[in-house]
Amino acid sequence: MTVAAHFQFKNNTLHAEDVSLAALAEEHGTPLYVYSRQALHDAWDAYRVASEGRNVLVCYGMKANSNLAVLNEFKQLGSGFDIVSGGELARVLAIGGDPGKIVFSGVGKQVWEMRAALEAGVKCFNVESEAELLRLAQVAQEMGKVAPVSLRVNPDVDAKTHPYISTGLKENKFGIAIESAMAVYQRAAALPSLQVVGVDCHIGSQITEVSPYLDALDKLVALIQALASQGIHLKHLDLGGGIGIRYTDETPLSPTDLLDNVFRVLEQQGLAHLQIVLEPGRSLVGNAGALLTRVEFLKHSEAKNFAIVDAAMNDLLRPTLYDAWHSVEAVAPRQSEGSTPRYDIVGPICESGDWLARDRPMELQQGDLLAIMSAGAYAFTMASQYNTRPRAAEVMVDGAKAHVVRPRETLGSLFSTETVLD
Ligand code: LLP
């Protein structure tokens, strides 16, 4: 049974750390996102141990889960942040995060976002096109500042993951083709309002093997050496995020697998002076969260059994968007009587795509509670209010205590700012 480390059964009831999920549902209602604080710390620890004695900066890829409580844990643990918008920057500043540990990624940075990041003093802009480079140079010049830049290069490697979350291939919109990178670096180096500080790539997400990273690294190393021969010396190499998690039976690479290999290559190539930046998102939070939901109705048809639950695609988009598999646990599992029926777990939204899991053998009754596992990453952050459904509350469990870190949205708040014409 795939239950994450800090989600375990005690007395036949699934708990987050020492708190019963049944009690949480009773108190806070469903659907409900539940996070384990200890799981965040443990996930961080894997990066801390892998980085020991090495010049590594971990910048949490906060798009995976940007609740302030989550950000605050990572800030306190020493993390930097990988941001992709002015909104994410504002969140980091709101928790007092160190701008000097922020890298700013994304293909479409707007002028106001560049300004805000320059004002804050971020570590680096990961620039994804020549047009963006020129805009940044201009904005920095107008502000009388020098923008630290790194080019996001597209190494054209196959991350062997879902096409929607694969980003390092030639046909993807991300980054600058590695063949063009030298010319763009030379242009950047010649602009007085820019300072070239690094190189960056991010080849995809939910990567389970080390080999795509090493393929990318080889190409980046060649580029770094070619740049040095032209007098452009970099301080850091950012390998992006992407380390996968176990949703079902995957055995993803660990931060240690990655960094041992990376530093071996850097030492062989005489590049051990470079700082390595990582931007992990999912691997820091994915298995620290579950989405708690209640069965509203069971519906049996000739072809299928459906469990209609109160969570939906607006709460967890990954299944329908990526055909993603999330483990589903009954919070209080029932004994099987004879052959176990198989259910599609679906939400109440008016779309056939509104499903959370398919064909799961489960003994269910109306009113049962289910925990959809691995919902710490890309669950709440991709949630919407589709069908005028308030976004669910988020709770962080710490030992025997549960803290509401974002209350459930109220119906009123959903449309209180809308107006009608006279
Ligand atoms: N850095 C950059 C530039 C990124 O674009 C991403 C994720 C990350 C870091 C963090 O990647 P991670 O370590 O989490 O794999 N919504 C999708 C995943 C989209 C990832 C987008 N970029 C999902 O639910 O699977």
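How far from a nitrogen atom of the ligand does a polar side-chain atom of Glu279 lie? The gap is 2.6 Å for that Glu279 atom, which counts as a polar contact (a pair of N or O atoms within 3.5 Å; within protein, one must be able to donate a hydrogen and the other to accept it, and residues adjacent in sequence count only if both atoms are side-chain atoms). Before going on, keep in mind that this is a predicted model, where local features need pLDDT of at least 70, side-chain atom pairs count only at pLDDT 80 or more, and totals for chains, interfaces and linings use all residues. Numbering runs from 1 along each chain as its sequence is written, and side-chain values use heavy atoms, with hydrogens and water left out.

Arg318 puts a polar side-chain atom 2.6 Å from an oxygen atom of the ligand, while Gly281 brings a backbone N or O atom to 2.8 Å from a ligand oxygen. On its own the ligand has 580 Å² of accessible area, and the protein covers 91% of that (Shrake-Rupley method, 1.4 Å probe).

Now step back to the whole shell. There are 17 residues around the ligand, with Ser205, Glu279, Arg318, Tyr322 and Tyr378 the closest; to be near, a residue needs a heavy atom within 4 Å. Domain 1 (7–36 + 286–414) and domain 2 (105–280) each supply at least three of the shell residues, with the bounds coming from an automatic or database domain assignment.

Next, find His202 in the loop between β11 (194–200) and α8 (211–229); helices (H or I, at least four residues) and strands (E, at least two) are DSSP runs, numbered from the N terminus. Its side chain reaches the backbone oxygen of Gly204 at 3.4 Å, and a polar atom of the His202 side chain lies 3.0 Å from the backbone nitrogen of Gly241.

Most residues other than glycine have a negative phi, and most peptide bonds are trans. Glu17, though not a glycine, has a positive phi of about 50 degrees, and the Thr30 to Pro31 peptide bond is cis, with omega near -5 degrees.
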